[in-house]
Amino acid sequence: MLPIQPDRFLADLHALRKFGAAGVGKGVVRPAFSEPDIAARAWLAERMREAGLSVQIDPVGSVFGLSEGQSLLMGSHSDSQPEGGWLDGALGVIAALEVARASVEAGGPPVSVVSFQDEEGRFGVTTGSAIWSGNLTLDKADGLTDRDGVRFADARALMPDRSDSFVDPSQFTGFLEMHIEQGPVLDREGDAIGVVDAIVGIRDMKITLEGEQNHAGTTPMQGRRDAFQALSRFNMLIAERFANVVTPRTVWTIGHVTLHPNASSIVPGRVTFSMQWRDGDSDRLGRMEQIIRDTAEDVAQSGGFNLTFGPMLGLEPVDMDARLRDALEQAAEADVPGRWRTMPSGALHDATNVSEMMPVGMLFVPSIGGISHAFGEDTAEADLVTGLRVLAEAVDALN
């Protein structure tokens with residue numbers, strides 16, 4: 001087995017958490033292209049160089065630590081949600097760094113490391129890896145804006161030391177991503193490892209309903225074109241209309257709402273909201289899209305609202321590569337016999353995009369209480385080290 005050093009691995013994880021440390025527990029605020037994110041990527045680049053890797057920062061800010069010649073690529077992302085935890089993404093990057101470092105020290109198989117930019121979707125959906133894989137053109141990405149109207153083109157210009165070219169994916173034999181589960185299954189069942197068999201697909205778009213802004217005290221209830229009431233009706237109808245289409249694993253979320261003018265004494269005249277849905281079946285995702293569009297049309301027509309749809313972003317469901325999955329399963333059985341399981345990922349990951357170019361595999365460790373995308377996100381350090389061992393054993397076996 002590769003001579004990994006768990007104490008060094010954990011020390012690096014805690015050091016990375018200091019960039020943007022916030023909130024209670026081990027919370028992190030490190031959105032893509034923020035000052036903490038840029039500083040964290042500079043720190044990562046230096047750790048990669050110290051590990052004997054050649055650093056290349058691509059045009060959108062993804063940081064690669066490259067081994068010479070053909071190599072296995074490993075990693076995840078180091079940006080966070082607006083209120084995130086210390087492990088989401090960061091774990092996969094630091095675990096990859098430790099395996100690569102141990103492999104260099106032992107003369108083992110070549111391993112390269114990546115921290116993709118904007119996985120958390122400040123501007124899109126897994127933006128950095130989507131651009132690298134060709135799922136999203138750079139021109140289109142540059143026109144995307146965040147919730148404050150900042151353009152992706154302007155944000156990526158803040159990243160220093162960017163290359164003019166993207167890393168050639170043909171130099172990689174495959175991609176492995178270690179991640180926290182971000183759900184309750186492993187923690188609840190007492191399992192130490194989850195080997196991912198598939199990642200769900202995702203769709204995400206914005207919807208705007210525009211009615212009539214008016215005085216909240218003098219406008220009769222009958223005849224109001226209240227944008228919030230339109231959203232409320234849409235939310236009620238969509239749940240009813242999905243009932244015969246979805247499965248227990250299907251999820252949908254209205255996650256960001258902008259109400260205009262958002263004042264207590266004004267009937268709101270416009271609402272823009274995000275609609276996101278996820279499932280493991282592409283056909284079901286398509287049927288859900290049609291229901292969403294039809295329902296929005298019905299609400300608009302019945303209430304006299306103008307309706308506009310924003311661009312639709314999304315990725316298809318992805319099966320993990322059989323060879324990489326088998327290596328992870330054998331390593332899990334050797335390290336924690338009977339305490340691992342195969343499972344789907346309900347969360348989206350960079351591996352989805354990377355699968356367009358090479359075989360991919362994923363490994364999960366438990367999330368305490370199933371909490372993620374929150375300051376309370378955490379995993380026992382013993383479980384983190386178990387995941388690192390299984391990952392290293394799989395890499396060694398793939399050589």
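**Before you start.** This is a predicted model, so local features need pLDDT of at least 70 and side-chain atom pairs count only at pLDDT 80 or more, while totals for chains, interfaces and linings use all residues. Residues are numbered from 1 along each chain as its sequence is written, and side-chain values use heavy atoms, with hydrogens and water left out.

**Exercise 1.** Work out how H10 and H12 are oriented to each other.

*Solution.* 
- Step 1: find the helices, which are DSSP runs of H or I with at least four residues, numbered from the N terminus (strands are runs of E, at least two). H10 covers residues 322-335 and H12 covers residues 381-398.
- Step 2: get the geometry. Their axes are 8 Å apart and the packing angle is about 125°. Axes here are lines fitted to C-alpha atoms over the stretch in contact, and angles run from 0 to 180 degrees between N-to-C directions.
- Step 3: classify. Under 35 degrees counts as roughly parallel, over 145 as roughly antiparallel, 65 to 115 as roughly perpendicular and the rest as oblique. H10 and H12 are therefore oblique.
- Step 4: look at who meets whom, with contact meaning heavy atoms within 4.5 Å. Among them, Leu 324 and Leu 328 are on the H10 side, and Val 390 and Leu 391 on the H12 side.

**Exercise 2.** Do the orientation again for H1 and H2.

*Solution.* 
- Step 1: H1 (residues 6-17) and H2 (residues 35-50) have axes that come within 10 Å and cross at roughly 155°.
- Step 2: H1 and H2 are therefore roughly antiparallel.
- Step 3: Asp 12, Ala 15 and Leu 16 of H1 make the contact with Ala 40, Trp 43 and Arg 47 of H2.

**Exercise 3.** Which residues touch the most other members of the largest nonpolar core?

*Solution.* 
- Step 1: a nonpolar core is a set of buried Ala, Val, Leu, Ile, Met, Phe, Trp, Tyr and Cys residues joined through side-chain atoms within 4.5 Å.
- Step 2: this core has 68 residues, and the answer is Phe 9, Met 74, Leu 91, Leu 176, Ile 193, Leu 384 and Leu 391.
- Step 3: helix H3 (residues 90-106) gives the most to this core, 10 residues.
- Step 4: zoom in on Met 74. Beyond four places in sequence, its contacts include Val 99, Leu 176 and Leu 391.

**Exercise 4.** Is Val 200 buried or exposed?

*Solution.* 
- Step 1: Val 200 sits in the loop between strand S6 (193-199) and strand S7 (201-210).
- Step 2: buried means under 20% relative accessible area, exposed over 50%, partly exposed in between (1.4 Å probe, protein chains only).
- Step 3: with 14%, Val 200 is buried.
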